[in-house]
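Here is a short note for someone opening this model for the first time. Please read the points beside the structure.

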Amino acid sequence: MASQNILHWRDGRGWLVLAGGESGDVRGQVIGRAAADGGVAYLSLGNHDGWIEAALADMDDLGAPPGYIVDALTEDDQTLTARLSEAAIIVVENAPQVGELRSGLLGAAAAGMQAAFENGAVVLAEGRAAMALGAWVITGDAVLPGLEWLAGALVVPGVTAVAQSAPAQWVLNEQPGAIAIGIGSTSALALGPDGEVEPWGQRQVTVVLGREFGKGG
């Protein structure tokens, strides 16, 4: 895994961008970091509230490369993996239910994202999709394993004061070696291939450490 201080994330030549919401500023920076060749894969998990159309229009306005839609719920596994693996940018839908989003990303979708990331793609996970790429997701009263692209971390999207987040405090109490990362709705945490850690957008990124980090020796 790539690492920088307390943060450890998947190895790859690309950038992992965890955004608190759907921000034009963050999307613009994603486009700026993308490789010159390859298109944008819009990874849909149901196209809730017309997300595909809105994302395509916004990215086009920002000067994104040509894009195509990949539906994690209807594509067969081989097609899903292949179409994602060839992308220069993958934008993951901010679906309403994080539990369903997590389930939809398991398996072939995750494999395609990983292949693209290893080849240098920028993976942009917005809102609840950013939570799904952490170590845990919180849905209702349940805490489930996340996809662990960012190890040992609970990502709390749309929150600027993560210390005041009840779900974050619950995880930190139950997992003393965890970290909780709050990312404002117009901000992102960007993690690069050479250990870069950058706040993007409005730069509202806060980190709270579990009590294990306070132990010496």
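1. A term first. Buried means under 20% relative accessible area, exposed means over 50%, and partly exposed lies in between (1.4 Å probe, protein chains only). By that scale Arg33 is partly exposed, with a relative accessible area of 34%.

2. On the source. This is a predicted model, where local features need pLDDT of at least 70 and side-chain atom pairs count only at pLDDT 80 or more, while totals for chains, interfaces and linings use all residues. Residues are numbered from 1 along each chain as its sequence is written, and side-chain values use heavy atoms, with hydrogens and water left out.

3. Salt bridges. The structure holds four salt bridges. The term stands for a side-chain nitrogen of Lys or Arg within 4 Å of a carboxyl oxygen of Asp or Glu. Arg27, Asp58 and Glu126 are linked in a network of such bridges.

4. Asp58 and Arg27. Their closest N and O atoms are 2.9 Å apart. Asp58 sits in helix H2 (residues 51–61) and Arg27 in helix H1 (residues 24–33), so distant parts of the chain, 31 residues apart, are linked. Helices (H or I, at least four residues) and strands (E, at least two) are DSSP runs, numbered from the N terminus. Asp58 is partly exposed, at 25% relative accessible area. Arg27 is buried, at 4%.

5. Glu126 and Arg27. Here the closest N and O atoms are 2.8 Å apart. Glu126 belongs to strand E7 (residues 122–126) and Arg27 to helix H1, so the bridge ties together parts 99 residues apart in sequence. Both Glu126 and Arg27 are buried.

6. Glu198 and Arg33. This salt bridge spans 3.1 Å, N to O. Glu198 is in strand E13 (residues 197–201) and Arg33 in helix H1, so parts 165 residues apart in sequence are tied together. Glu198 is partly exposed, with 23% relative accessibility.

7. Strand E3. How many residues of E3 (residues 15–19) are buried? Five of its five are. Trp15, Val17 and Ala19 point one way, Leu16 and Leu18 the other, and all are buried.

8. Partners of E3. Two strands pair if DSSP finds at least two bridges between them. E3 pairs with E7 in the parallel sense over five bridges. Trp15 has Val122 of E7 as its bridge partner. E3 also pairs with strand E12 (residues 187–191), in the antiparallel sense, over four bridges.
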